[in-house]
Amino acid sequence: MDGIERITGATKLACLIGSPVAHSASPRMHNASFARMGVDAVYLAFDIAPEELETVAAALVRMKAIGYNVTMPHKAAILPLLDEVSDAARLMGAVNTVKIEPDGRTSGHNTDGAGFMRNLAEHGCEVEGKRVVVLGAGGAGSALFVQAALDGAACVDVFNSRSPRFAPAEERAAKTSALSGCPVAVHDLADRALLRERCLQADVIANATSVGMSPHEDESLLDEGFIPRGAWVADAVYNPRETKLLRTAKALGNPTVPGIGMILWQGAIAEEIWLGRSMDVDYIRNLLF
C-alpha cells in the first residue's frame, strides 16, 4: 500500500523526538521498512524542546505508540523518565530507542553502539580481540567505546577535547572497564603525540565526532601519518558518504567503513526492539541510500 491507503483506524505510531529533526533520514527509512514488512504503523519526526520532553514522553505512552527514537538533546534527559533502562544504555549514559509495552511500561535502549558494530561486522571486521581507538566521547563516542568493550575488544583508547564531556567520559570508561574487563582510557585529543602513538598501534580507528561532516567535508582529525597500514578505519559521519578520513585511509590501501551503515543497522535494531521483526536491510539500503 502507498500513501493514504496505508493509514487505517488501527495504524500504530512510532516516531523520533529531538531538536532539530527535519534533516533526519529515519522517517523515510522506517516508513519504507514498515511498508515492506506489511506493518500497519507510521513513523513521524517531532521537534521537541527540552522543556517539553517529560510531557511528550508521557503523551506517547497515553497514545499507545509502539515506541520512539530519541536524538539530541534528549538522549540523557530521557533516562529518568523511563521504567527500565538496559545495562548498556545506562553505561553509555544515553538512550536512543524506547519501547512502549501494551501496559504502558517503557524500556530504554541504545542501538548506536550495536549498530556501529553490526556495520563493522557486515564489512568483515569484528572488534573482539582488537585494539580500538575512538575519536570523540559524546553520545555517539560513548556508545561506541562502551559497545566495543562489551564486545570483547582487547583495549579501547578514547580521545576527546577537554570539554565538559571529559570527566563524565572518564567515569563511564572506568565503569565500563570494571564491567567488561577491557581496559578503556580517555585521553586529551590535544595530545597529538599520544594520539599518533595509540592510532599507530590500533587495529580499528573510529571517528565518532562531527569532524568531516557536511559542509566541512575537507576536515579530518587524522592525516596519513596517524593511520597504520592494514587498520580498519570507520566513520559515524554519513554526510558525505565518504569523509576525508575515509578517503585518506582508502588511499593508503586500508579497509574503510562508511557511516551510512550505522544509520541502517541502528534503525534495524530499533525495529527488532519494537516489533520483534527484522528490517530487510539490503532492500532499504538499495531503496533509500
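The exercises below work through salt bridges, helix packing and some local features of a predicted model.

The model is predicted, with local features needing pLDDT of at least 70 and side-chain atom pairs counting only at pLDDT 80 or more, while totals for chains, interfaces and linings use all residues. Residues are numbered from 1 along each chain as its sequence is written, and side-chain values use heavy atoms, with hydrogens and water left out.

**Exercise 1. Salt bridges**

Task: State how many salt bridges the structure holds, and describe the pairs Arg118 with Glu272 and Arg198 with Asp157.

Solution. Start from the general idea that side chains of opposite charge can pair when their charged atoms come close. The cut-off used here is that a side-chain nitrogen of Lys or Arg lies within 4 Å of a carboxyl oxygen of Asp or Glu. By that rule the structure holds 12 salt bridges.

Next, take Arg118 and Glu272, whose closest N and O atoms are 3.3 Å apart. This pair links distant parts of the chain, since Arg118 sits in helix α4 (residues 112-122) and Glu272 in helix α9 (residues 260-275), 154 residues apart. Helices (H or I, at least four residues) and strands (E, at least two) are DSSP runs, numbered from the N terminus. For accessibility, buried means under 20% relative accessible area, exposed over 50%, and partly exposed in between, with a 1.4 Å probe and protein chains only. Arg118, at 32% relative accessibility, is therefore partly exposed, and Glu272, at 28%, is partly exposed as well.

Then turn to Arg198 and Asp157, whose side chains meet in a salt bridge of 2.8 Å, N to O. Arg198 belongs to helix α7 (residues 192-201) and Asp157 to strand β8 (residues 155-160), so this pair ties together parts that are 41 residues apart in sequence. Arg198 counts as partly exposed at 23% relative accessibility, whereas Asp157, at 9%, counts as buried.

Finally, salt bridges that share partners join Glu122, Asp282 and Arg285 into one network.

**Exercise 2. Helix α10 and its packing**

Task: Describe how α10 packs against α1 and how the axes of α9 and α10 cross.

Solution. Two packed helices are described by the angle between their axes and the distance between the axes. The axes are lines fitted to C-alpha atoms, for helices over the stretch in contact, and the angles run from 0 to 180 degrees between N-to-C directions.

Begin with helix α1 (residues 26-37) and helix α10 (residues 281-288), which pack at about 130° with their axes 10 Å apart. Angles under 35 degrees count as roughly parallel, over 145 as roughly antiparallel, 65 to 115 as roughly perpendicular and the rest as oblique. It follows that α1 and α10 are oblique to each other. Their contact (heavy atoms within 4.5 Å) is made by Arg28, Met29, Ala32, Ser33 and Arg36 of α1, together with Tyr283, Ile284, Leu287 and Leu288 of α10. To sort these by class, Ala, Val, Leu, Ile, Met, Phe, Trp, Tyr, Cys and Pro count as nonpolar, Asp, Glu, Lys and Arg as charged, and the others, Gly among them, as polar. The contact of α1 with α10 then has 6 nonpolar, 1 polar and 2 charged residues.

Continue with α9 and α10, whose axes come within 11 Å and cross at roughly 135°. That angle makes α9 oblique to α10. Leu264, Trp265 and Ala268 of α9 meet Val281, Ile284 and Arg285 of α10 in this contact, which by class has 5 nonpolar, no polar and 1 charged residues.

**Exercise 3. Local features**

Task: Find the place and the contacts of Gln147, then examine the peptide bond from Ser214 to Pro215, the one joining Asn239 and Pro240, and the phi of Lys64.

Solution. Gln147 is placed in helix α5 (residues 139-150) and is buried, with a relative accessible area of 12%. Leaving aside neighbours within four places in sequence, Gln147 is in contact with Met92, Gly113, Ala114 and Met117.

The peptide bond from Ser214 to Pro215 is cis, with omega near 10°, and Pro215 is found in the loop between β10 (204-207) and β11 (232-235). A cis peptide bond also joins Asn239 and Pro240, with omega about 10°, and Pro240 lies in the loop between β11 and α8 (244-251).

Lastly, Lys64 has a phi near 60°, a positive value in a residue other than glycine. Lys64 is found in the loop between α2 (53-62) and β3 (67-70) and counts as exposed at 56% relative accessibility.
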